[in-house]
Amino acid sequence: MQAWAKDQGVEGSMITFFADTRAELTKALDLVLDHPGPMSVLGNPRCKRFAMYVEDGTIKVLNVSEGPDDPAGDADPSASCVDAMLAAI
């Protein structure tokens with residue numbers, strides 16, 4: 001995760017990347033991407049595309065990019081992009 005943060009230019013900033021290797025958080029947040037379409041390409045269930053703003057341990061904003069015909073949020077990821085998050089906070 002540190003390498004990804006460095007690559008994205010946010011290393012050492014207020015942004016924190018977390019790994020969820022056993023999908024514990026993904027399951028707790030009910031964000032498992034298990035739709036047959038993406039699963040046929042990805043194999044194992046993954047986490048839905050989302051952005052979360054957490055303040056003092058409380059989730060203030062949780063935006064998920066998905067749609068009825070776009071379970072992975074590939075066609076329109078805008079809900080989990082920076083502009084949507086900044087507007088929400």
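A polar contact is taken here as a pair of N or O atoms within 3.5 Å; within protein, one atom must be able to donate a hydrogen and the other to accept it, and residues adjacent in sequence count only if both atoms are side-chain atoms. The model is a predicted one, so local features need pLDDT of at least 70 and side-chain atom pairs count only at pLDDT 80 or more, while totals for chains, interfaces and linings use all residues. Residues are numbered from 1 along each chain as its sequence is written, and side-chain values use heavy atoms, with hydrogens and water left out.

Serine 65 is a handy place to start. This residue sits in the loop between β4 and α4 (helices are DSSP runs of H or I with at least four residues, strands are runs of E with at least two, and both are numbered from the N terminus). With a relative accessibility of 1%, serine 65 counts as buried (buried is under 20% relative accessible area, exposed over 50%, partly exposed in between, using a 1.4 Å probe and protein chains only). Its side chain makes a polar contact with the side chain of serine 80, at 2.8 Å. Neighbours within four places in sequence aside, serine 65 is in contact with a set of residues that includes Arg49, Pro71, Asp76 and Ser80 (contact meaning heavy atoms within 4.5 Å).

Next come the charged pairs. The structure holds 3 salt bridges, each a side-chain nitrogen of Lys or Arg within 4 Å of a carboxyl oxygen of Asp or Glu. Arginine 49 pairs with aspartate 74, their closest N and O atoms lying 2.4 Å apart. Since arginine 49 is in the loop between β2 and β3 and aspartate 74 in the loop between β4 and α4, the pair ties together parts that are 25 residues apart in sequence. Arginine 49 is partly exposed at 33%, whereas aspartate 74 is exposed at 54%. Glutamate 66 bridges to lysine 48, with 3.2 Å between the closest N and O atoms. This pair, too, links distant parts of the chain, 18 residues apart: the loop between β4 and α4 (82-88) holds glutamate 66, and the loop between β2 (46-47) and β3 (50-55) holds lysine 48. Lysine 48 is buried, with a relative accessible area of 18%, while glutamate 66 is partly exposed at 42%. Glutamate 24 and arginine 22 form a salt bridge as well, at 3.5 Å between the closest N and O atoms, and both residues are exposed.

As for the strands, β3 and β4 run antiparallel and are joined by 6 bridges (two strands pair if DSSP finds at least two bridges between them). The two form a hairpin with 2 residues between them, and aspartate 56 in the turn has a positive phi of about 50°. Glutamate 55 stands opposite threonine 58 in β4, and valine 54 opposite isoleucine 59.

Val54 and Ile59 also turn up, along with Leu62, in a nonpolar surface patch of about 220 Å². Leucine 62 belongs to strand β4 (residues 58-64) and is partly exposed, at 34% relative accessibility. Patches are made of residues with over 30% relative accessible area and no salt bridge, like charges being joined within 9 Å and nonpolar side chains (Val, Leu, Ile, Met, Phe, Trp, Tyr) within 5 Å. Accessible areas come from the Shrake-Rupley method with a 1.4 Å probe, and for residues only the protein chains shown count as cover.
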